[in-house]
Amino acid sequence: MNVTQKLLSAHLVLGDLTPGREIAIRIDQTLTQDSTGTMAYLQFEAMGIPRVKTEKSVAYIDHNTLQTGFENADDHRYITTVAARHGIYLSKPGNGICHQVHLERVGKPGKTLLGSDSHTPTGGALGMLAIGAGGLDVAVAMGGGAYYLSCPRVVNVRLTGRLSRGVAAKDVILELLRRLSVKGGVGKVMEYTGDGVKTLSIPERATIANMGAELGATTSVFPSDEVTRAFLEAQGRGGDYAPLAADPDAAYDETVEIDLSALEPMVALPHMPDNVKTVAEAGPVKVDQVCIGSCTNSSYQDMMRVAAILRGKTVHPDVSLVVAPGSRQVLSMLSQNGALHDMIEAGARICETACGFCIGMGQSPCTNGVSVRTNNRNFFGRSGTKSAGIYLVSCETAAATALTGVLTDPRGVDACLDVPLPQRYAFNDNLLLAPDGEGQETQVVRGPNIQPFPKAHALEERLEGRVLLKMEDNITTDHIMPSDSSLLPFRSNIPKLSQHCLAPVDPTFPQRAREAGGGFLLAGQNYGQGSSREHAALVPLYLKVRGVLAKSFARIHRANLINNGILPLEFVDEADYDRFSQEDVIALEGVAQLLRDGAQRVPVTNLTRGFTVEMRLEVTPRQRDMLLEGGLIRMIAANAEK
């Protein structure tokens, strides 16, 4: 067996490991963050389960840390009290980014982790099966329920050689994105093997696993080896180590080979993570801003290399440089050893240990600005400045660029980039709070910004409505439910968010959807890629969107649609997409009965143009019941009554 199969089989509670078939697995750990966590905990409360049933569940506060009003602080108070009441650990604001902290202090080889954040696969660096999902799936897992998914194919990413000086782990995943695209990992797990793996530290593996989310992969997995043991021992967690490796005769569905020694610095150009070139090919682009940090590149090792490049030098006068260490542990160690001083003296602005600029929470570039960043996504408008161009690079490339003012290959920098890993990290868990006792005396506090989440109704036999919006390929969750500093405070207020749904595609959409009383959406390939945010399904549900007709869907978003009772319909013949226009009126006849009969095809009639096409609605029996009942919450309630 390969590592992925070993992890799945050890946690399998339903099904068999045949790619494409639905399976269910037991979840050992969960994580949430405050942007998606408020909704996940509202859903958990709705289930009426007094205490979480996982080995460990952690609520991180790392996204909405910019408090320009009461909303974010109220959400934090809610999360703090709901965590104490229901047996959930709390990582307070300032403790760091969820994925970085979980890697440092919580993750364990051989365990499963489900998180309400699409970059949860970062945990794969430790040999975990770590998967991003919608908040409702995480809530079910906290209640002891299994996580259902389509059994993935396993891709052997075979690494050979060793990274050259100035070439980083970020360049490995950018090279994979260049080859495979943002759709290349859908339905797959990327499993890393080969002699090159042992040359990569845990932080470097984490960078690669983290950004595997941009491939659309279910997750990414590394073996748990002596490198893993050394990292956990340095974190004071040597007892959490467990070896995990593929068998010598393990089989894979596909193989991709990367010679680490042949790689050179890479860059993803605007506005997609797979728009990748070498830094040399991109040329000396003039840069206005450099941002170093995020869950992809904010480890101690990353920051020490940045400090080495900046030491004794000064940031280019035309560049604004901001640095955000990924955790309090990293920031504390930088402050102890003088590296933070080197950054500050060079002209860097130090941001708090949070997601910050990566999610558009501050540090928006200037009009038409060029921002070089170490985060994982460069979707249009995500930075908060629609006219800006975001370029994704390694920390080494970013630091070199900050000094020159143009996109720069870091291999020529005058600095020692051979950073020794600590024998002992300076860990302090006083901001990672354990829940007290039974928690039943804790009163959950809800501020006025926290509104009930919408619920679907049982599926009707006949659905009719307009095509409210026709969209192209690769519509992201940032398009569907924008995420920036002005909207993040309203993540627990669906009515407020509904005023901005799909506004980046068409600013008139929210009003038109309300006036029409709902309808359907039409999309191209890979609809819903990007974040795990369930709001991209909850807000359309609130606006009475009944179904989405698309050429294909991103994995997490498709699951979120089904969880909330919205039909994910795929074109059998993609050419039929061109036969539909915005404002066409369409109808689905007898759709509920078709689902009850187990049909995998649904006829969709265009009443405006007078034709009918077949759409795929390939769902499992469990998903069928969910759609018929009107979503997962209603199905759970119905099963409880039975």
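This is a predicted model: local features need pLDDT of at least 70, side-chain atom pairs count only at pLDDT 80 or more; totals for chains, interfaces and linings use all residues.

Q: Which residues in α2 meet which residues in α3?

A: A helix shows its neighbours particular faces, because an α-helix has 3.6 residues a turn, so residues three or four places apart point the same way. In this case Asp34, Thr38, Tyr41, Leu42, Phe44 and Glu45 in α2 meet Asp75, His76, Tyr78, Ile79, Val82 and His86 in α3. Sorted by class, the contact of α2 with α3 holds 6 nonpolar, 3 polar and 3 charged residues.

Q: At what angle do helix α2 and helix α3 pack?

A: Helix α2 (residues 34-46) and helix α3 (residues 70-86) pack at an angle of about 45 degrees, and their axes are 10 Å apart. That angle makes α2 oblique to α3, and the crossing in which α2 passes α3 is left-handed.

Q: Is the crossing of α10 and α11 left-handed or right-handed?

A: The crossing of α10 and α11 is right-handed. The axes of helix α10 (residues 300-310) and helix α11 (residues 328-337) come within 10 Å and cross at roughly 35 degrees. From α10 the contact is made by Tyr300, Met303 and Met304, and from α11 by Val330, Met333, Leu334 and Asn337. By class, the residues of this contact divide into 6 nonpolar, 1 polar and no charged.

Q: What is the order of the strands in the open sheet of 4 strands?

A: As a general idea, strands of a sheet pair through backbone hydrogen bonds, either parallel or antiparallel. In this model the open sheet of 4 strands has the order β11-β10-β9-β12, with parallel pairing. Because β11 (219-221) and β12 (254-259) stand at the edges, each with a single partner strand, one side of each is left without a neighbour in the sheet. Neighbouring strands of this sheet are turned by 20 degrees against each other on average, if direction is ignored.

Q: Why does Ala139 count as buried?

A: The step of reasoning here needs a cut-off, since a residue is called buried when its relative accessible area is under 20%. Ala139 has 0% relative accessibility, and therefore counts as buried. Its place is in helix α5 (residues 135-142), and, if residues up to four places away in sequence are not counted, Ala139 touches Ala40, Gln43, Phe44 and Met47.

Q: How many residues of helix α13 and of helix α7 are buried?

A: Helix α13 (residues 395-404) is mostly covered, with 9 of its 10 residues buried, among them Cys395, Glu396 and Leu403. These buried residues of α13 pack against α9 (279-282), β15 (289-292), α10, β16 (320-323) and β18 (370-373). Just after α13 comes Gly405, which takes a positive phi of about 85 degrees. In helix α7 (residues 202-211), 10 of its 10 residues are buried, including Glu204, Arg205 and Asn210.

Note on methods
Residues are numbered from 1 along each chain as its sequence is written. Side-chain values use heavy atoms; hydrogens and water are left out. Axes are lines fitted to C-alpha atoms, for helices over the stretch in contact, and angles run from 0 to 180 degrees between N-to-C directions. Helices (H or I, at least four residues) and strands (E, at least two) are DSSP runs, numbered from the N terminus. A crossing is left-handed if the near helix is turned anticlockwise from the far one by less than a right angle, and right-handed if clockwise. Contact means heavy atoms within 4.5 Å. Ala, Val, Leu, Ile, Met, Phe, Trp, Tyr, Cys and Pro count as nonpolar, Asp, Glu, Lys and Arg as charged, and the others, Gly among them, as polar. Buried means under 20% relative accessible area, exposed over 50%, partly exposed in between (1.4 Å probe, protein chains only). Two strands pair if DSSP finds at least two bridges between them. Angles under 35 degrees count as roughly parallel, over 145 as roughly antiparallel, 65 to 115 as roughly perpendicular and the rest as oblique.
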